[in-house]
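Student: Could you walk me through reading a protein model, one feature at a time?

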Amino acid sequence: AGYSVFRPSPSSSDGFQFSWYHVMLLMQLDVIQSFSQDSYIPSLPVMVTELGTTDALIALSLQVNWFTSGAVCLAIGFAADRLGRRPVLLSCMTCYIFGALGAGMTPSVDGLILARVLQGVGEGLCVMPYIVARDAIKDADER
């Protein structure tokens, strides 16, 4: 019998079963960073006028977000192995939500930069679907 992503191999020690719910959640986590950037970039000129700042500072908010997201991506695997998948997932999602709310409600460019750093921490979980898929499929030939 062939095994798919939805049914891990019998060698799975914890008996975890993928469902459509898990697949849909993991797909959303995989695109969260792209969605964040694609919805943010078109509004950069408007933010310059609304916040009364310069293009350079608004571009800095984008750059610190990318840097933070990349740095967190490197650490998220280790944290998920050490602390567990669920706590890391929930804490990153909380950071992303608060970062997005903060970026939308801040009256200053300083607050925007800090909110985008927090949002970058949350975006770092874009590697989590790959970690979970690797856990669910034990046989290297099936991955």
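This is a predicted model: local features need pLDDT of at least 70, side-chain atom pairs count only at pLDDT 80 or more; totals for chains, interfaces and linings use all residues.

Student: How many helices and strands does the protein chain have?

Tutor: There are six helices and zero strands, giving the pattern α-α-α-α-α-α along the sequence.

Student: Which residues of helix 6 are buried?

Tutor: Buried means under 20% relative accessible area, exposed over 50%, and partly exposed in between (1.4 Å probe, protein chains only). An α-helix has 3.6 residues a turn, so residues three or four places apart point the same way. In helix 6 (residues 128-136), M128, P129, I131, V132 and A136 are buried. Look down the helix axis: these buried residues fall within an arc of 160° (taking directions from the axis to the C-beta atoms), so they line one face of helix 6. Turned away from that buried side are the exposed residues Y130 and R134.

Student: What covers the buried residues of helix 6?

Tutor: Count contacts, meaning heavy atoms within 4.5 Å. The cover includes helix 1 (20-40), helix 3 (55-83) and helix 4 (85-105).

Student: At what angle do the axes of helix 1 and helix 6 cross?

Tutor: Two packed helices are described by the angle between their axes and the distance between the axes. The axes are lines fitted to C-alpha atoms, for helices over the stretch in contact, and angles run from 0 to 180 degrees between N-to-C directions. For helix 1 and helix 6, the axes cross at roughly 145° and come within 8 Å. Helix 1 brings L26, L29 and D30 to the contact, and helix 6 brings P129, Y130 and V132.

Student: Which residues make up the largest nonpolar core?

Tutor: In soluble globular proteins, nonpolar side chains tend to be buried together. A nonpolar core is a set of buried Ala, Val, Leu, Ile, Met, Phe, Trp, Tyr and Cys residues joined through side-chain atoms within 4.5 Å. The largest one has twelve residues: L26, L29, V72, I76, A80, V88, L89, C92, L125, M128, I131 and V132. A second, separate core of ten residues includes M47, L51, V109 and L112.

Notes:
Residues are numbered from 1 along each chain as its sequence is written. Side-chain values use heavy atoms; hydrogens and water are left out. Helices (H or I, at least four residues) and strands (E, at least two) are DSSP runs, numbered from the N terminus.
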